[in-house]
Amino acid sequence: MREPLAEFDWKPPTRVVCGRGCVARLGELVAAEGCGRVLVVTDPGLTAAGHPRRAVESLERAGIAVVLFDAVDENPTTADVEAVRERSAAEQVDGFVAVGGGSCIDAAKGADFLVTNGGEMADYRGRVGLERPLLPLFAVPTTAGTGSEVQSFALIASEATHEKMACGDPSAAPRIALLDAELCASMPPEITATSGLDALTHAVETAVTRARNERSTPYSHAAFRLAARAFPRVLADGDDLDAREDMLVAAALAGVAIEASMLGAAHALANPLTRALDVPHGLAVGLLSPHVVRFNATEPATRSRYAELGRLLPGAGGDTDDAVEALVGFLEECLTTSGLPTALSAWSLDDDAVGPLAAEAATQWTADFNPRTVTAADLAALYRAALDPRRS
Ligand SMILES: [Fe+2]
């Protein structure tokens, strides 16, 4: 007897164009979608690196008028989105081009909701239905992490509470994503590490969630296989364009998996750490991921799904216990190799702070999708394990 298949409804919304130098095709692709005046949304660091200039040149060669907005912050807030909305409304653009990491893509995505359908960002929490169509959004990621370039959700922090709101609609995924590894070569080592840990954690969490299904699992596995080989290489040599390209593709594949399967406890635990202590998102999920795998692996079905991932690692054995250990060991090694802090004790977090953070983690949407039910007490135990992993 086989397990009944989960129902699904699938029309991939984003065309993905991948290749070295493919940002040169941006103008032609945007023009073909009928846009004539676009807002390029990026950040000041990327402007200094010259990436938006390559995008703007391609757009202008195709006869598209370009307005530049290059003031997006690292973790976009409702105020950032409002600034993008104001500019796009004032300039009467008919499309958005986001050049940057998940922050730039999410800021453009959020502004698209507001400029076309009005209201404020909090009105779009969860998966909403829109009254009016969005403007086309084109995404050119310069980091390999969030997968926002293929997703229908934007993560926007409330300016007042710093709470991260997931705002989405099935039509909000970018129309086209261009994956050009040349734009990743200048990524600083710390961003390479944190974004890579995020992509890896997406692959691992999407492979086991309650919502995972027959269409998401192959994406999770393909993302994990690529990232497992490429992540150590991009850490060792940021100019390795083959490895950069593998990470870009891995992040996008994991992003596709998230659309179907959502995420799990590592993401639920990470959000309060980012809000309260400014722990970068990718580092937070990377720190917690080995502990969450050990916690979830006590359930036999989840254990065998983790073992499937473990067997994708070079040299890993076929035995379930060995494969799960290989997976945990690999995730720990990635964290160590990244050169980032490997324990939460690196932040001013003591035992007293754990309870309130765990209570907050229990309210996160992603906690509901974790394969093993997690209570606030479980989440507190996971924080404590990550405070000083030598004790666990
Ligand atoms: Fe993430």
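This is a predicted model: local features need pLDDT of at least 70, side-chain atom pairs count only at pLDDT 80 or more; totals for chains, interfaces and linings use all residues.

Me: Which residues of α9 and α14 meet?

Reply: From α9 there are Leu269, Pro272 and Leu273, and they meet Leu379, Leu382 and Tyr383 of α14. By kind, this contact consists of six nonpolar residues, with no polar and no charged ones.

Me: How do α9 and α10 cross?

Reply: Here the axes come within 8 Å, and the crossing angle is roughly 140 degrees. An angle counts as roughly antiparallel only over 145 degrees. α9 and α10 are therefore oblique to each other. This crossing is right-handed. Helix α9 contributes residues including Leu269, Leu273 and Thr274, while α10 contributes, among them, His281, Val285 and Val292. The contact of α9 with α10 divides into nine nonpolar, five polar and no charged residues.

Me: At what angle do α6 and α10 pack?

Reply: Helix α6 (residues 189-206) packs against α10 (residues 281-296) at about 40 degrees, and their axes are 7 Å apart. That makes α6 oblique to α10. The crossing of this pair is left-handed. Among the residues in contact are Asp198, His202 and Glu205 of α6, together with His281, Gly286 and Ser289 of α10. The contact of α6 with α10 holds six nonpolar, seven polar and two charged residues.

Me: Into which domains is the protein assigned?

Reply: The domain assignment gives domain 1 (15-184) and domain 2 (190-391). Taken over C-alpha atoms, their centres are separated by 26 Å. The contact takes 26 residues from domain 1 and 24 residues from domain 2.

Me: What area is buried between domain 1 and domain 2?

Reply: The size of an interface is often given as the accessible area lost when the parts come together. Between domain 1 and domain 2 the buried area is about 2,000 Å². Carbon and sulfur atoms give 63% of that area.

Me: Which three residues supply more than any other three of the area that domain 1 buries against domain 2?

Reply: They are Arg20, Ala144 and Lys164, which supply 24% of the area that domain 1 buries there.

Technical notes. Residues are numbered from 1 along each chain as its sequence is written. Side-chain values use heavy atoms; hydrogens and water are left out. Axes are lines fitted to C-alpha atoms, for helices over the stretch in contact, and angles run from 0 to 180 degrees between N-to-C directions. Helices (H or I, at least four residues) and strands (E, at least two) are DSSP runs, numbered from the N terminus. Angles under 35 degrees count as roughly parallel, over 145 as roughly antiparallel, 65 to 115 as roughly perpendicular and the rest as oblique. A crossing is left-handed if the near helix is turned anticlockwise from the far one by less than a right angle, and right-handed if clockwise. Contact means heavy atoms within 4.5 Å. Ala, Val, Leu, Ile, Met, Phe, Trp, Tyr, Cys and Pro count as nonpolar, Asp, Glu, Lys and Arg as charged, and the others, Gly among them, as polar. Domain bounds come from an automatic or database domain assignment. Buried area is the accessible area (1.4 Å probe) that two parts lose on being put together, summed over both.
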